[in-house]
Amino acid sequence: MDDLLQAMRIRANAGDVRGVRGLMRMGCRGTARAPPAMLFELMIAYRNRRKPLAAISVLREVNSTDSDPEPWLYAEGYKILGQAGLLEKAMAMLRARLKSGKAAVDEFNALISISRKADTRVNAWQLHEEMKKHKISGNRSTFAALLSCYAENGDVARASRTLDEMKSEGYEARLIEYSLVLKACIKSKEGELALKHFRNMISEGISPDIIAFNSVIASISKSGDVDKAHELLQLLMQQEENLGYDSFAPVLVQLLDKGRFSDAAELVERMKERNLYPDEAYFKCLISNYSKVNRVEDAERTLKEMIFRGYKPTVRTLTAMLNAYARVSRVTSYSLRLAP
């Protein structure tokens, strides 16, 4: 059977529906119904032929034999419809399954995941409420799908509530769940809430990784508390040798936006000690903020360094320079070699 399934998988990936059906007939001689694994490969074959509705028709074929496909097959069918942009069709199928009393948690999990990619976080919340209404208990995958959805869209309030609900249902929060909540905090610029979740994570015995640290630093920086973010960054620097530029960037940007150029320069020196150097975005941000406070010579020096390092100035960067010149009533014939 394993060899047969492997052969079916190869044909399914190539979209060879006829070949998959031929192997199904060969493997199902003497049986009334193809096993779920074979039906799945047939659905994949139709999907790869870009025929999502034909893939769903496989489920109807099984229903016509008075047998009901397993819930995970419906879940895979919803995913195929979602990939084809037919989310409403998938929702209609779920509603019919709920009416018949056959819908299962795997089907909800699939649709919640689809709603994340479709940028419809309210649908994810509604699906979860629908589960509760029909007394369908969620599992760890349900909470993971919900958190992914809310993190993707920066819905930190629902992300926090979902994390609490997951714990109340008896599921121990792990680093991955906390990381998703922290991601939501970044998008919503909720620095204090990010720090709260970060402390809760540590108090629960979960060791934060660099991604978790970076998330908290970014959240606090974006919320405007650059000193607290800088303090956390220094703690991370003491604990971790192999940091990347992503750990420093949010603090650098906020220091520059607040006009704290000397603090930013000091942090850059600390970076260089780790063989990390500013990227193009840093130079653009530095030029822009120098220009805002009429430090034209510093902006010119930074622009020259930027070009020397191989970064081509954008129109926005050059406009910032021109605005600075205009503010100090300075006319110059400053020329740039923009070609590489």
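Start with Ser215, which sits in helix α13, residues 210–222. This is a predicted model. Is Ser215 buried or exposed? At 8% relative accessibility, Ser215 is buried, because the cut-off for that class is under 20%. Show its side chain: it reaches the backbone oxygen of Ile211 at 2.9 Å. Ser215 contacts both of them, neighbours within four places in sequence being left aside.

Next, select helix α17 (residues 280–292) and helix α18 (residues 296–308). Their axes come within 8 Å and cross at roughly 165°. That makes α17 roughly antiparallel to α18, since angles over 145 degrees fall in that class. The crossing of α17 past α18 is left-handed. Show side chains at the contact. From α17, pick Glu280, Phe283, Lys284, Leu286, Ile287, Tyr290 and Ser291. They meet Asp298, Ala299, Arg301, Thr302, Leu303, Glu305 and Met306 of α18. Colour by class: the α17 contact with α18 has seven nonpolar, two polar and five charged residues.

Keep α17 and bring in helix α19, residues 315–327. The axes of α17 and α19 lie 8 Å apart, at an angle of about 15°. The two helices are therefore roughly parallel. Here, too, α17 makes a left-handed crossing, this time with α19. On the α17 side, select Lys284, Ile287, Ser288, Ser291 and Lys292. By class, the contact of α17 with α19 divides into four nonpolar, three polar and three charged residues.

Note on methods:
Residues numbered from 1 in each chain as written. Predicted model: local features only at pLDDT ≥ 70, side-chain atom pairs only at ≥ 80, totals over all residues. Heavy atoms only, no water. Axes fitted to C-alpha atoms, helices over the stretch in contact; angles between N-to-C directions. Helix = DSSP H or I, 4+ residues; strand = E, 2+ residues; numbered from the N terminus. Parallel < 35°, antiparallel > 145°, perpendicular 65-115°, else oblique. Left-handed = near helix turned anticlockwise from the far one by under 90°. Contact = heavy atoms within 4.5 Å. Nonpolar A, V, L, I, M, F, W, Y, C, P; charged D, E, K, R; others polar. Buried < 20%, exposed > 50% of the residue type's maximum accessible area, 1.4 Å probe, protein only. Polar contact = N/O pair within 3.5 Å; in protein donor to acceptor, adjacent residues only side chain to side chain.
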